Amino acid sequence: MKISLSVVVSALTLIGGVTSQSNSRCSTDLYERRNIRNYSGSDFAAFRSTYLKVHKLGWFGWFTYIHKTLYDALHETAEFLPWHRRYITEVELTMRYYDKSFTLPYFDSNSDCKDPASSVIFRSDFFGGNGRDGDRCITNGLAAGLQFEVPNTKCLQRDFTRDEKFNLPIERWQCPEEMSTSIDNSRNFFDISFVLEYGVHAKVHNNIGGDMINPHSPNDFIFFMHHANIDRLWLKYQNKQNNNNKYDYTSRDGDKGRRVSINDDLSLFSEPIINNFDVGYGFNCYKYDDTYPVFRRGDSNMKKRQDSTNSALTDKIKSVPQMNLASILDADTLAEFFPSLVKDSTEVTTNLLPSTISPTADSVADTLLQPMLQAPSPNSNTTTSDGFQAIRPQTISAKNGTAIRPKAASVPDDLKYPLPNRIPESYIVMMHMSKENFEIQYQRELKLANALNAAGYISPYI
Ligand SMILES: [Cu+2]
């Protein structure tokens, strides 16, 4: 398939994607990108019909071609985050041309970290599962039976964890605590860009395998939902900052010492990179269902996310010392991995960790709470609106030296925090990436897992 980039650009221009460098505030209400796991059957049916139309017209061939052609300029470079932000917005705008209310769903892979293969996205009525033995073509889900054109005419392939033996469970990817520490410990653009690319980004690409471990990965629509999630995590970082580093932009390894500027144009798009730092401006007229757009420096409308989700369950989990980072970790460990929890014991729970608690954790919490509820001290309990007895947060605060610290050895193996796995060298070589940087990221993840297990922490997400 021979397509020149100039043809691609003119095709995009036709639908109004690359026609303007406007970066004014979005005039309309922002479109909301929703978590794919909350899509109902009819939501997915609407999505599917738009997808099939756009696929039939060949747009995904163009988009995949762009990503494949520019691959080396977009990965391990400063452009990684802003370019993919603009790119997925371009795809969203294209799909919206055919369906006025279309928004890109995002896939929060962290919520499935313990057993990724059983994620809702791999269901046969969603995106389908692993590729079949032999040619690795998927046999069910959205793209089963469809033909793709890049790099040649082919089916969509998946190869979970790239194991020779078929049907092994997919290796785990990052859990919410790793995500939270990544955001919490990032002090500048380099940090967040590094940790997102070598962490959540690489694990999901690698462990799904097939098209997803190739520069033609956008053939798999999971690519766009995964990058929407990375974008959402970047936005959480941007919202977290007190604005001091918001326009910080620095080179990475793949820039090979080249000086970069936030006023450079994005590859392919003739727009300054800085335009894609602000969400809620220019083409980026979206928000996520759990974030607010980044407002500009000095903007008086800046506001934090209000924690509105499932507060009774979150409160319950917070009241179990073993499940609460702020109470189970000693002050030094807390400061090392979750510095914002030291300052404000609510921030990580409300802003950086999901409030979707696993059913296992819910029942473990009930068991762990039993002895405490039988012997309440006179003023330590309160009854929530649904009648649940929760222990007041101050009894488990990080600042409270009398918090109960259970013995780490008492945590059963299946409730221990799972150890990370290494990204295989074959992937790193194939993706032209740095082995040393992956090792840095792996060691960080291992250190966190060991610290959580040493403390006797039980994750509410596994
Ligand atoms: Cu990419």
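Helices (H or I, at least four residues) are DSSP runs, numbered from the N terminus, and their axes are lines fitted to C-alpha atoms over the stretch in contact, with angles running from 0 to 180 degrees between N-to-C directions. What you have open is a predicted model, in which local features need pLDDT of at least 70 and side-chain atom pairs count only at pLDDT 80 or more, while totals for chains, interfaces and linings use all residues. Residues are numbered from 1 along each chain as its sequence is written.

Begin by selecting residues 41–56, helix α2, together with residues 80–98, helix α4, whose axes come within 10 Å and cross at roughly 100 degrees. That makes α2 roughly perpendicular to α4, a term for angles of 65 to 115 degrees. Next, pick out Thr50, Lys53 and Val54 of α2 and Thr94, Met95 and Tyr98 of α4, which make the contact; two residues are in contact if their C-beta atoms, placed from the backbone, lie within 7 Å.

Now move to residues 176–184, helix α5, where nine of the nine residues are buried, so the helix is largely enclosed by the rest of the structure. Here, buried means that 20 or more other C-beta atoms, placed from the backbone, lie within 10 Å of a residue's own. Among the buried residues of α5 are Pro176, Met179, Ile183 and Asp184.

To see where they touch, select Glu177, Glu178 and Thr181 of α5 with Glu445, Leu448 and Leu452 of α15.

Notes: Helix = DSSP H or I, 4+ residues; strand = E, 2+ residues; numbered from the N terminus. Parallel < 35°, antiparallel > 145°, perpendicular 65-115°, else oblique. Buried ≥ 20, exposed ≤ 12 C-beta atoms within 10 Å, placed from the backbone.
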